[in-house]
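Me: I'd like a close look at one part of this protein, and then at how the rest is arranged. Could you walk me through it in plain terms?

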Amino acid sequence: MHYEAIVIGVSSGGMNALKIISSALPGDFNIPVIIVQHLSAHSDSHWINLLNEKSHLDVKEADEKEKIKKGNIYIAPPNYHLLIEKDKTFSLTIDERVNFARPSIDVLFESAAEAYTNKLIGIVLTGSNSDGTKGIKRIKDCGGLAIIQDPKTADSEYMPKSAIAAIVPDYILSLEDIVALLIQINQQKR
């Protein structure tokens, strides 16, 4: 299967998880990665700079109307929902919080499922609420690939457990095994 995008949802304990994933993906990884990390509304971009220093790919905040490109890791800006439009560009909104969060994982996942249908990989990682559960279900319903972090390996197991209770995931894996699978998928599409 030829996948065109990866969406990742992460909350409590997410910085460690994102460091592991972003630093392990090789420089020739050409599936764009789009991330919602639950953040304080006043968070600065310091943590994005830290990820960027360790990554072989460009890590950046997503911008309004920006075209999604290979070789990038995009992060939802604080206090904005990040959506993907049908033309594969980003849209930012300050609509109401969803699951007490803005940015919301569900908002990103549901819009990405509409834009990419069965060419999307959705990943739910560590977190302490149910955000991402509706979104991963939508990705699965549209034919996408659903990967959940093994709750036993998550800093906070609530979010992965909530997702697993809602769907039959394609994979339940540790962070290291998620990275290995993504690299394998990327190599198959060449």
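Here's the spot I care about: is Ile 178 buried or exposed, and what is its relative accessible area?

Reply: Ile 178 is buried, with a relative accessible area of 0%. Buried here means under 20% relative accessible area, exposed means over 50%, and partly exposed is in between, using a 1.4 Å probe and protein chains only.

Before going on, a word on the ground rules. This is a predicted model, where local features need pLDDT of at least 70 and side-chain atom pairs count only at pLDDT 80 or more, while totals for chains, interfaces and linings use all residues. Residues are numbered from 1 along each chain as its sequence is written, and side-chain values use heavy atoms, with hydrogens and water left out.

Back to your residue. Ile 178 sits in helix 6, which covers residues 175–188. (Helices are DSSP runs of H or I with at least four residues, strands are runs of E with at least two, and both are numbered from the N terminus.) Leaving aside neighbours within four places in sequence, Ile 178 is in contact with Ile 123, Leu 125, Ile 147, Gln 149 and Leu 173. Contact means heavy atoms within 4.5 Å. Going by C-alpha atoms, Ile 178 and Met 1 are 17 Å apart in space, though 177 residues apart in sequence.

Helix 6 turns up again when you look at helix 1 (14–24): what covers the buried residues of helix 1 includes helix 6, along with strand 1 (5–10), strand 2, helix 2 and strand 4. Those buried residues are Gly 14, Ala 17, Leu 18, Ile 21 and Ser 22. They cover an arc of only 115° around the axis, which puts them on the same side of helix 1. The arc is that of the directions from the helix axis to the C-beta atoms. As a rule, an α-helix has 3.6 residues a turn, so residues three or four places apart point the same way.

Helix 2 (residues 46–54) has Trp 47, Ile 48 and Leu 51 as its buried residues. They cover an arc of only 105° around the axis, which puts them on the same side of helix 2. Their cover includes helix 1, strand 2 (33–37), strand 3 (58–61) and strand 4 (72–75).

Now zoom out. The protein has 6 helices and 9 strands. Its radius of gyration is 15 Å, close to the 16 Å that the globule rule gives for 190 residues, so it is as compact as a globular protein of that length. (That radius is taken over C-alpha atoms, and the rule is 2.2 Å times the number of residues to the power 0.38.) Along the principal axes, the C-alpha trace spans about 40 × 35 × 30 Å. Of the 190 residues, 54% count as buried. Among contacts between residues at least 6 apart in sequence, 69% join residues at least 24 apart.

Most residues other than glycine have a negative phi, and most peptide bonds are trans. Yet a cis peptide bond joins Arg 102 and Pro 103, with omega about 15°. Pro 103 lies in the loop between strand 6 (90–93) and helix 3 (105–116). Asn 79, not a glycine, has a positive phi of about 70°, and at 22% relative accessibility Asn 79 counts as partly exposed. Thr 117, also not a glycine, has a positive phi of about 45°, and Thr 117 is partly exposed at 38%.
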